[in-house]
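I am opening my notebook on a protein model and want to write down, entry by entry, what I looked up in it.

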Amino acid sequence: MADIETVIASSGGVASLTYLQTRGISLREIDRELRSGGLFRVRQGWVASPKARADIVQAVRVGGVLTCQSVLRPLGVWCDDDRLLHVRVGKHTTHLSAPHDRRVPLGRPGSRGVRIHRTVTGFEVPDPGRPVDSLETAVVHLFQCESRDNVIVSLDSVLNKKLLSRERLEELAAILPKKFRSFVRIAHRLGGAVRIGDESASWLEAARNSVSQPGLR
């Protein structure tokens with residue numbers, strides 16, 4: 001018999017009721033955990049463990065899932081940290097909530113410390129019932145989130161850490177408008193301008209200078 005604590009931990013401490021049920025957890029068990037304090041409701045159809053990461057809980061409370069920088073930074077990928085919670089929602093999703101209170105409308109996302117990403121057309125999200133986007137989904141949304149230079153430096157970091165291959169990045173970029181396809185080629189030619197764990201201004205400037213060279217365009 002599936003253990004509810006193990007199952008919910010496998011999805012980052014937050015899960016939809018559908019996710020739990022498809023893994024052998026009954027609604028009766030979920031209700032029992034809610035009454036005992038072992039789980040709490042995040043939004044309609046979603047519950048979380050008290051041990052869940054706060055950013056994952058907040059993303060689900062907003063009405064979507066964690067994505068982009070908020071997924072990549074914990075993996076050690078360099079990103080120009082905007083200190084926002086990056087949340088992917090459906091292309092036509094409405095009625096979003098504040099990250100700290102589902103009863104409060106989100107309003108202007110930036111004023112709540114949130115950056116909203118709409119699901120990219122043509123990209124099939126793997127395992128849509130999970131509260132955190134996969135690495136590949138997060139990278140797809142990164143392309144259209146930051147400035148050109150910062151995206152290229154982030155992609156260089158992805159390559160440097162061997163999280164994805166150049167070929168796979170090119171496949172992901174091909175889903176997006178044509179202008180983004182050159183970003184991967186330039187990141188590859190940078191050859192590791194961003195050193196693992198080094199986010200100093202000097203290395204970022206060196207990478208940007210490399211990006212600006214005519215031969216790398």
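**Entry 1: a hairpin**

S6 and S7 form a hairpin, and two residues lie between them. For the labels I noted that helices (H or I, at least four residues) and strands (E, at least two) are DSSP runs, numbered from the N terminus.

**Entry 2: what kind of model this is**

I reminded myself that this is a predicted model, in which local features need pLDDT of at least 70 and side-chain atom pairs count only at pLDDT 80 or more, while totals for chains, interfaces and linings use all residues. Residues are numbered from 1 along each chain as its sequence is written, and side-chain values use heavy atoms, with hydrogens and water left out. I then looked up pLDDT, the predictor's confidence in each residue, from 0 to 100, and found that the protein chain averages 87, with 86% of the residues scoring at least 70. Over residues 196-201 the pLDDT stays under 50, and for this stretch the model has five contacts beyond four places in sequence, a contact being heavy atoms within 4.5 Å. Where pLDDT is low, the predicted coordinates should not be read in detail.

**Entry 3**

I traced an open sheet of three strands in the order S1-S3-S2, with antiparallel pairing. Its edge strands are S1 (14-16) and S2 (40-43), each of which pairs on one side only. Neighbouring strands of this sheet are turned by 35 degrees against each other on average, direction ignored. S1 pairs with strand S3 (residues 46-48) over three antiparallel bridges, and Val14 stands opposite Ala48 in S3. Helix H4 (residues 54-62) lies across S1, S2 and S3 and runs at about 50 degrees to S2; such angles run from 0 to 180 degrees between N-to-C directions, and axes are lines fitted to C-alpha atoms, for helices over the stretch in contact.

I also found an open sheet of three strands with the order S4-S5-S8 and mixed pairing. Strand S4 (65-66) and strand S8 (114-118) stand at its edges with a single partner strand each, so one side of each has no neighbour in the sheet. Strand S5 (residues 85-89) and S8 run parallel and are joined by five bridges, and the bridge partner of Arg88 in S8 is His117. H4 packs on this sheet as well, touching S4, S5 and S8, and its direction makes about 40 degrees with that of S5.

**Entry 4: helices against helices**

How do H6 and helix H7 (residues 148-160) pack? I read an angle of about 155 degrees, with their axes 10 Å apart, and that makes H6 roughly antiparallel to H7 (under 35 degrees counts as roughly parallel, over 145 as roughly antiparallel, 65 to 115 as roughly perpendicular and the rest as oblique). Val139, Leu142 and Phe143 of H6 make the contact with Val151, Ser154 and Leu155 of H7.

Helix H6 (residues 135-143) also packs with helix H8 (residues 166-173), at an angle of about 60 degrees and with axes 10 Å apart, and the two are therefore oblique to each other. On the H6 side Glu136, Val139, Val140 and Phe143 take part, and they meet Arg168, Leu169, Leu172 and Ala173 in H8.

Last, I followed H8 to helix H9 (residues 181-190), where the axes come within 8 Å and cross at roughly 160 degrees; H8 and H9 are therefore roughly antiparallel to each other. In H8, Arg166, Leu169, Glu170 and Ala173 meet Arg181, Val184, Arg185 and His188 in H9.

Notes. Pairing = 2+ DSSP bridges.
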